[in-house]
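Here is a briefing on one protein model. Please look over the sequence and structure, then read on by topic.

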Amino acid sequence: MFEGVVSIFSNATPYMGLVKVYFGNRVLRKKRPVIFAHMVTFRCNMRCHYCMYWKKSGEEVSLGEVVKMLKEASEEGLAIYTATGGEPLLRNDIEQIVSAARDYGFYTTLVTNGLLLKRRGLSGLDLLTVSLDTLDREKFARITGVNALNEVVDAIKWASERFRMNVNVVVHEENANEIFRLVEFADSLGIGITFEPVSSYFAGCASISPKTLRRTFAEILRLKRDYRCIWNTEGYLRLVMETQNFPCLPYFLLRVNPDGTVIAPCYEVDHVAVGNLTSQTLKSVVSSDAFIKSCEVGECGKCYLLCYVEPSMVFSSLRWAVKSIYGILKA
């Protein structure tokens, strides 16, 4: 989702929407979402060992209900729409969802494992993110539960000629020794690459030790000086490397489950359902005491997820915002 903020400056309409939301949140002190983070399905065709979403099940709202949500989100000033999962490409109507988001003026992003990329049109998508944690075939099978590295790499190469895109790497003990190889892969295709450490938020989840975390992100920081394909900001990489806390502002992400339930503050800590967009208006949900109070987490220190760290720092620190914009324009 942070990747959408990085790339948004190439599209004027959502850029102006982002400026408006920034002014409202930063100057007028309104607590309003910026990103519509829509988990369109729990279903997935992989079984990643650090993910729990594929273990869930539940109803999925119809295309008509998604369009209604998008209309309301647009009216409330949200600027970015991100389709995630599970695996969002498992929804047969994902192309219509992305198209509707574009029609309502959103900067559109989609996060996928890549297996179904060639079967979907996704015309008009502003940014495509493909998850890729390793280039080792056996390791890929252990991490994802499927023997499909060749298919995913082939899909990434295919997509690199058709989309503005990046690969996102979740860093843990098993792949921390592959950073340089992954950077060179992205650089060779002319696409971006982002890194974030694994969030160990359930029993049996993959993990990363403090020592490995510091060493790995110090390496990424050094590589960033020579490889423009690394989209993480220097501020983010340094924050993770030094294991600093940050003032989390989770209300910037409107987390919506497949059935329309809004979750706050996030999945990484104890969360609550604060409403449902199929039976309530978006405005009433984000204005509710339940939503606002649930998002008051301060420096929780539970994760370094890009989608929370970068927006939170940009909107809480003018210095961070200026440095981030400078880094984006320089990239």
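The buried residues of helix α7 are covered by parts that include α6 (149-160), β5 (165-171), β6 (192-197) and α8 (210-224). Contact here means heavy atoms within 4.5 Å. Helices (H or I, at least four residues) and strands (E, at least two) are DSSP runs, numbered from the N terminus.

This is a predicted model: local features need pLDDT of at least 70, side-chain atom pairs count only at pLDDT 80 or more, and totals for chains, interfaces and linings use all residues. Residues are numbered from 1 along each chain as its sequence is written, and side-chain values use heavy atoms, with hydrogens and water left out.

**Overall**

- The protein has 13 helices and nine strands.
- Of its 331 residues, 57% count as buried. Buried means under 20% relative accessible area, exposed means over 50%, and partly exposed lies in between (1.4 Å probe, protein chains only).
- The accessible surface comes to about 14100 Å², and 50% of it belongs to carbon and sulfur atoms. Accessible areas come from the Shrake-Rupley method with a 1.4 Å probe; for residues, only the protein chains shown count as cover.
- Take the contacts between residues at least 6 apart in sequence: 73% of them join residues at least 24 apart.

**Helix α7**

- Helix α7 spans residues 179-189, and its buried residues are Ile-179, Leu-182, Val-183, Phe-185 and Ala-186.
- These residues sit on the same side of α7, because they cover an arc of only 155° around the axis. The arc is that of the directions from the helix axis to the C-beta atoms.
- Gly-190 follows α7 and has a positive phi, near 70°.

**Nonpolar core**

- The largest nonpolar core has 116 residues, of which Leu-132 and Phe-217 touch the most other members. Such a core is a set of buried Ala, Val, Leu, Ile, Met, Phe, Trp, Tyr and Cys residues joined through side-chain atoms within 4.5 Å.
- Helix α12 (residues 306-316) gives the most to this core, with seven residues.
- Leaving aside residues up to four places away in sequence, Leu-132 touches Phe-140, Leu-149, Val-152, Ile-156, Val-167, Asn-168, Val-169, Leu-182 and Phe-185.
- In soluble globular proteins, nonpolar side chains tend to be buried together.

- Strand β7 (residues 253-256) pairs with β8 in the antiparallel sense, over two bridges. Two strands pair if DSSP finds at least two bridges between them.
- In this hairpin, four residues lie between the strands, and Gly-260 takes a positive phi near 95°.
- Four bridges join β8 to strand β9 (residues 272-276), and the two run antiparallel.
- Val-262 in β8 stands opposite Val-256. Val-262 also stands opposite Gly-275 in β9.
- From β8 (residues 261-264), Thr-261 and Ile-263 point one way, while Val-262 and Ala-264 point the other way; all are buried.

**Aromatic pairs**

- The structure holds five aromatic pairs. Rings of Phe, Tyr and Trp (its six-membered ring) pair if their centres lie within 6.5 Å; planes under 30 degrees apart count as stacked, over 60 as edge-to-face and the rest as tilted.
- Tyr-81 and Phe-106 form an edge-to-face pair, because their ring centres are 6.4 Å apart and their planes are at 65°.
- That pair links distant parts of the chain, 25 residues apart: Tyr-81 is in strand β2 (residues 80-84), and Phe-106 is in the loop between α4 (94-103) and β3 (107-112).
- Both Tyr-81 and Phe-106 are buried.
- Phe-180 and Tyr-227 are also edge-to-face, because their ring centres lie 6.2 Å apart with planes at 80°.
- This second pair spans 47 residues, from Phe-180 in helix α7 to Tyr-227 in the loop between α8 and α9 (234-241).
- Phe-180 is partly exposed at 38% relative accessibility, whereas Tyr-227 is buried at 16% relative accessible area.
- Ring pairs also link Phe-36, Tyr-81 and Phe-106 into a cluster.

**Backbone points to check**

- Gly-85 and Gly-86 are joined by a cis peptide bond with omega about 20°. Gly-86 lies in the loop between β2 and α4.
- Ala-264 and Pro-265 are also joined by a cis peptide bond, with omega about 0°. Pro-265 lies in the loop between β8 and β9.
- Leu-122 is not a glycine, yet has a positive phi of about 50°. Leu-122 sits in the loop between β3 and β4 (127-131) and counts as buried at 2% relative accessibility.
- Thr-243, not a glycine either, has a positive phi of about 45°. Thr-243 lies in the loop between α9 and β7 and is partly exposed at 36% relative accessibility.
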